[in-house]
Amino acid sequence: MIDSDKSSRRAAKPVSDVLSNSPLIVANPLYTLSILGLLSLVWLLLAGQDWNSWLVGLPAVILATWSTLLLRAPAEGRFNLPGFLRFLPYFIWESILGGIDVASRVVSPKMRIAPGFLSYRMRLSHPSARRLFVNSLSLLPGTLAADLDGDSLHIHALDRGTDPDGELKRLERMVSAVYGEDL
Amino acid sequence: MLDLFALLLIFSGITFFFLGAIGLLRLPDLHSRLHALTKADNLGLGLLIVGVALLHGSLLVALKLLLIWLLVLLGSATSAHLISQYSLRRNRS
């Protein structure tokens, strides 16, 4: 979604190629089951506890799981649950700070802002890890992902007086743990 | 007591939405405005959702609200990135 620079855009595969990819489904039963479970939960949330709804829901969940497996990129990182559980409270706390920070800046009469751009060299390589990094840094205090060009990320900072480099490195480490990637 | 806490959360959520709108009006340029819209609204919706979930008291509804919050987070971060990228690339060419 976010990874929109031209160099990393994958060429569209022909449909027949995608469909012949089906051994994938048998190859990783744990992954398949967790996708199936997650999508069933989403259906339960959307449709409520009316069991007749599964007449539509079950085929939809199965088809959605199937297409998820077909469309999965081969090089995605491995999702790491302990890493994710460490990331979650950090993300929630930082987004609270981010909201308070920007809100307090706009209500102060003089508006303490000094907006400007800076660039940051990303060390993450997996597309999903990069997506999580870029999206969550926009919700952190003072930083906004403005543009992406290969490894270099253009960041808009609300206050150039404070250096966000340490915070960004910390976020990158947290994200790398979510996808089990070594930096 | 719990209801009172829930109402407090809902009202602080609304306050953050309001402050985000003030930011949109007061901040000087496109990128700074995106800061206010993404971050203040993200926190505002989060507080609102926790408040509504506490008032309603059902786990299923709470999870549904959480799903809505996650989709909004994804949507706002992605659209902020696209808007800022478009404005930068248009100015360059």
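A residue counts as buried when its relative accessible area is under 20%, as exposed when that area is over 50%, and as partly exposed in between, with a 1.4 Å probe and protein chains only. By this rule A:Met111 is buried, with a relative accessible area of 15%.

This is a predicted model, in which local features need pLDDT of at least 70, side-chain atom pairs count only at pLDDT 80 or more, and totals for chains, interfaces and linings use all residues. Residues are numbered from 1 along each chain as its sequence is written, chains are lettered from A and ligands numbered from 1 in the order in which they are written, and side-chain values use heavy atoms, with hydrogens and water left out.

## The two chains

Helices (H or I, at least four residues) and strands (E, at least two) are DSSP runs, numbered from the N terminus. Chain A has seven helices and three strands, and its pattern along the sequence is α-α-α-α-α-β-α-β-β-α. Chain B has three helices and zero strands, in the order α-α-α from the N terminus.

The table gives totals for each chain. Contact means heavy atoms within 4.5 Å.

Of the contacts in chain A with a separation of 6 or more, 73% are between residues 24 or more positions apart. In chain B, 71% of the contacts between residues at least 6 apart in sequence join residues at least 24 apart.

## Helix pairs

Axes are lines fitted to C-alpha atoms, for helices over the stretch in contact, and angles run from 0 to 180 degrees between N-to-C directions. Angles under 35 degrees count as roughly parallel, over 145 as roughly antiparallel, 65 to 115 as roughly perpendicular and the rest as oblique.

Within chain B, the axes of H1(B) and helix H2 (residues 30–56) come within 7 Å and cross at roughly 165°. The two helices are therefore roughly antiparallel to each other. By class, their contact has 21 nonpolar, six polar and three charged residues. Here Ala, Val, Leu, Ile, Met, Phe, Trp, Tyr, Cys and Pro count as nonpolar, Asp, Glu, Lys and Arg as charged, and the others, Gly among them, as polar.

Between the chains, the axes of helix H5 (residues 81–107) of chain A and helix H1 (residues 2–26) of chain B come within 9 Å and cross at roughly 55°. That makes H5(A) oblique to H1(B). The residues that meet include A:Ile100 and A:Val107 in H5(A), and B:Phe16 and B:Arg26 in H1(B). By class, this contact has seven nonpolar, two polar and one charged residues.

## Two single residues

A:Met111 lies in the loop between H5 and strand E1 (116–121) of chain A. Its phi is near 45°, a positive value in a residue other than glycine. Most residues other than glycine have a negative phi.

B:Ser84 is found in helix H3 (residues 59–92) of chain B. B:Ser84 is buried, with a relative accessible area of 0%. Leaving aside neighbours within four places in sequence, B:Ser84 is in contact with A:Ala145, A:Ala146 and A:Asp147 from chain A, and with B:Leu30, B:His31 and B:Leu34 from chain B.
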